[in-house]
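Please keep the sequence and the 3D view open while reading.

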Amino acid sequence: MRKTYKGEKNDKERTMNKLILSVGQVLRDKGYTGLTIANISKTAGVDRKLISLYFGSVDNLVETYIRSKDYWVSATLGAVEYFGSAPTEGSKGFLESLLLNQMDSFLENTEMQKAVLWQISEKSEIMSQITREREKMSALFFAFADQEMKDKNVDLRAISSILTAGIYYLVLHSINTDSTFCEIELNEDGLNRIRNAVKTILSWAYGEQTKETSSENNSLK
């Protein structure tokens, strides 16, 4: 009986994993509009009834997949550990690393590129739920950053919003549009310019002067 049970359990886990991976394959091949029970079950090579049996609904299956791939969901776990350890480092370095890693992760993750397009193209309870999960990161980070920024007239939330959204858009632009953006070729050199701009903007926000800015100011005296 024990061997049979383990076999059934392993079969269930393998089937669930097939279905989860198939969501990613369908996203890559057909985009978010292709995330149907028929497409996912066919790609996985399993009976469509197993989606309801193992996940309750196709929406739950898709959400399971996106949670496993979403950069902000995984980054939140790292933030809990980071801020829970009462770090002596400031919030700027953490935010800078967070944004630059977001860019690198999004550049490499075709499935999440499709998911973000889905998020901004139509109302979806799945993506709304994922977005609410992402906001847990904001709550953790800004509670920490507010202590540093309380004497500064800087809206770090608005700045972070613009940078995060800009990174999403520029990555999608670099992949889907064969043109420059503000006269920047969005190849690796161009993306490095964007990375450096993120660092510069955060330095301004935190009241730091870059060497270039200091030199310019001195030349004007």
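Gly 45 counts as exposed, with a relative accessibility of 63%, and its place is in the loop between α2 and α3, the latter covering residues 49-55. The structure discussed here is a predicted model, and in that model Gly 45 and Lys 18, although 27 residues apart in sequence, have C-alpha atoms that are 8.3 Å apart in space.

Helix α2, which spans residues 37-44, contains Ser 41. Is Ser 41 buried or exposed? Its relative accessible area is 6%, and because the cut-off for a buried residue is under 20%, Ser 41 is buried. A polar atom of the Ser 41 side chain lies 2.7 Å from the backbone oxygen of Ile 37, and once the neighbours within four places in sequence are left aside, Ser 41 is in contact with Leu 19, Val 46, Asp 47, Arg 48 and Ile 51.

## Overall architecture

The protein has 11 helices and zero strands, so that the pattern read along the sequence is α-α-α-α-α-α-α-α-α-α-α. Of its 221 residues, 38% are buried, and the accessible surface comes to about 13,400 Å², with 51% of that surface belonging to carbon and sulfur atoms. Among the contacts with a separation of 6 or more, 66% are between residues 24 or more positions apart.

## Confidence in the model

The mean pLDDT of the protein is 86, and 89% of its residues reach 70 or more. Confidence is highest in helix α10 (residues 188-205), at a mean of 96, and lowest in helix α11 (residues 211-220), at 46. Over residues 210-221 the pLDDT is below 50, and this stretch has five contacts in the model beyond near neighbours in sequence. Where pLDDT is low, the predicted coordinates should not be read in detail.

## Helices α6 and α7

Helix α6 (residues 91-108) and helix α7 (residues 110-121) pack with their axes 5 Å apart and at an angle of about 100 degrees. Angles of 65 to 115 degrees count as roughly perpendicular, and α6 and α7 are therefore roughly perpendicular to each other. On the α6 side the residues that meet α7 are Phe 106, Leu 107 and Glu 108, and their counterparts in α7 are Thr 110, Met 112, Gln 113 and Val 116.

In the loop between α7 and α8, where α8 covers residues 125-149, one finds Ser 124. Ser 124 counts as buried, at 9% relative accessibility, and a polar atom of its side chain lies 3.3 Å from the backbone nitrogen of Ile 126.

Val 154 lies in the loop between α8 and α9, the latter being residues 156-176. With a relative accessible area of 26%, Val 154 is partly exposed, and, not counting residues up to four places away in sequence, it touches Met 149, Ile 159 and Ala 205. The C-alpha atoms of Val 154 and Gly 207 are 9.2 Å apart in space, whereas the two residues are 53 residues apart in sequence.

Helix α10 also holds Ser 203, which counts as buried at 10% relative accessibility.

Cys 182, in the loop between α9 and α10, has a phi near 50 degrees, a positive value in a residue other than glycine, and at 68% relative accessibility it counts as exposed.

Glu 183, which is likewise found in the loop between α9 and α10, has a positive phi of about 65 degrees although it is not a glycine. Its relative accessible area is 76%, and because the cut-off for an exposed residue is over 50%, Glu 183 is exposed.

Notes. Residues are numbered from 1 along each chain as its sequence is written. This is a predicted model: local features need pLDDT of at least 70, side-chain atom pairs count only at pLDDT 80 or more; totals for chains, interfaces and linings use all residues. Side-chain values use heavy atoms; hydrogens and water are left out. Helices (H or I, at least four residues) and strands (E, at least two) are DSSP runs, numbered from the N terminus. Buried means under 20% relative accessible area, exposed over 50%, partly exposed in between (1.4 Å probe, protein chains only). A polar contact is a pair of N or O atoms within 3.5 Å; within protein, one must be able to donate a hydrogen and the other to accept it, and residues adjacent in sequence count only if both atoms are side-chain atoms. Contact means heavy atoms within 4.5 Å. pLDDT is the predictor's confidence in each residue, from 0 to 100. Accessible areas come from the Shrake-Rupley method with a 1.4 Å probe; for residues, only the protein chains shown count as cover. Axes are lines fitted to C-alpha atoms, for helices over the stretch in contact, and angles run from 0 to 180 degrees between N-to-C directions. Angles under 35 degrees count as roughly parallel, over 145 as roughly antiparallel, 65 to 115 as roughly perpendicular and the rest as oblique.
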